[in-house]
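Here is a short note for a first look at this structure. Please keep the view open while reading the points below.

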Amino acid sequence: MRDPVANRRRETPAELTESWPDVPSRDAAGEKARQFALNLRTAIGDRSVRSVARDAGIDEGTIRNVLSGAAWPDLRTITRLESSLGRRLYPQ
C-alpha cells in the first residue's frame, strides 16, 4: 500500500502565504524563506540578479525562484549568497 503523505508534493514558500512576500507565512519554515527572500532583495539593491548569481557562483534562475517564492533556498545557496554579498541573509 502506498503512503499518501510520501507522495504529496511539498508546497512552495509562496504557496504558504496569502501574498508573497508581503504577508507573513502561516508556516514557520515558509516564514523563514519569506524573510530570507526579503533580506536577499534588500542585499541585492540596485545590482542585477545576473551579476549577483555570477559573483556567488550559482544559477540566476535559482535566485529568481527564491525571490519569487517558487523554490526553497538550500544551504549551499544560502551560504554562497551570504559569502558573496558579505552579509547575513538567513533570519535569526
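**Notes on the helices**

1. Start at the end of a helix. Gly 69 comes after α3, and its phi is positive, near 80 degrees. Bear in mind that this is a predicted model.

2. Which residues of helix α3 are buried? In this helix, residues 60-68, they are Ile 63, Val 66 and Leu 67. Viewed down the axis of α3, its buried residues fall within an arc of 100 degrees, so they line one face of the helix. An α-helix has 3.6 residues a turn, so residues three or four places apart point the same way. The buried residues of α3 pack against α1 (28-44), α2 and α4.

3. Next, a helix pair. Helix α2 spans residues 49-56 and helix α4 residues 75-85. Their axes come within 9 Å and cross at roughly 100 degrees. The two helices are therefore roughly perpendicular to each other. From α2, Val 52, Asp 55 and Ala 56 make the contact; from α4, Arg 80, Leu 81, Ser 84 and Leu 85 do. By class, that contact has four nonpolar, one polar and two charged residues.

4. Finally, look at Arg 34 in helix α1. Is Arg 34 buried or exposed? Its relative accessibility is 9%, so Arg 34 counts as buried; the cut-off is under 20%. A polar atom of the Arg 34 side chain lies 2.7 Å from the backbone oxygen of Pro 21. Leaving aside neighbours within four places in sequence, Arg 34 is in contact with Trp 20, Pro 21, Asp 22, Val 23, Pro 24 and Ser 25.

Key. Residues are numbered from 1 along each chain as its sequence is written. This is a predicted model: local features need pLDDT of at least 70, side-chain atom pairs count only at pLDDT 80 or more; totals for chains, interfaces and linings use all residues. Side-chain values use heavy atoms; hydrogens and water are left out. Axes are lines fitted to C-alpha atoms, for helices over the stretch in contact, and angles run from 0 to 180 degrees between N-to-C directions. Helices (H or I, at least four residues) and strands (E, at least two) are DSSP runs, numbered from the N terminus. Angles under 35 degrees count as roughly parallel, over 145 as roughly antiparallel, 65 to 115 as roughly perpendicular and the rest as oblique. Contact means heavy atoms within 4.5 Å. Ala, Val, Leu, Ile, Met, Phe, Trp, Tyr, Cys and Pro count as nonpolar, Asp, Glu, Lys and Arg as charged, and the others, Gly among them, as polar. Buried means under 20% relative accessible area, exposed over 50%, partly exposed in between (1.4 Å probe, protein chains only). The arc is that of the directions from the helix axis to the C-beta atoms. A polar contact is a pair of N or O atoms within 3.5 Å; within protein, one must be able to donate a hydrogen and the other to accept it, and residues adjacent in sequence count only if both atoms are side-chain atoms.
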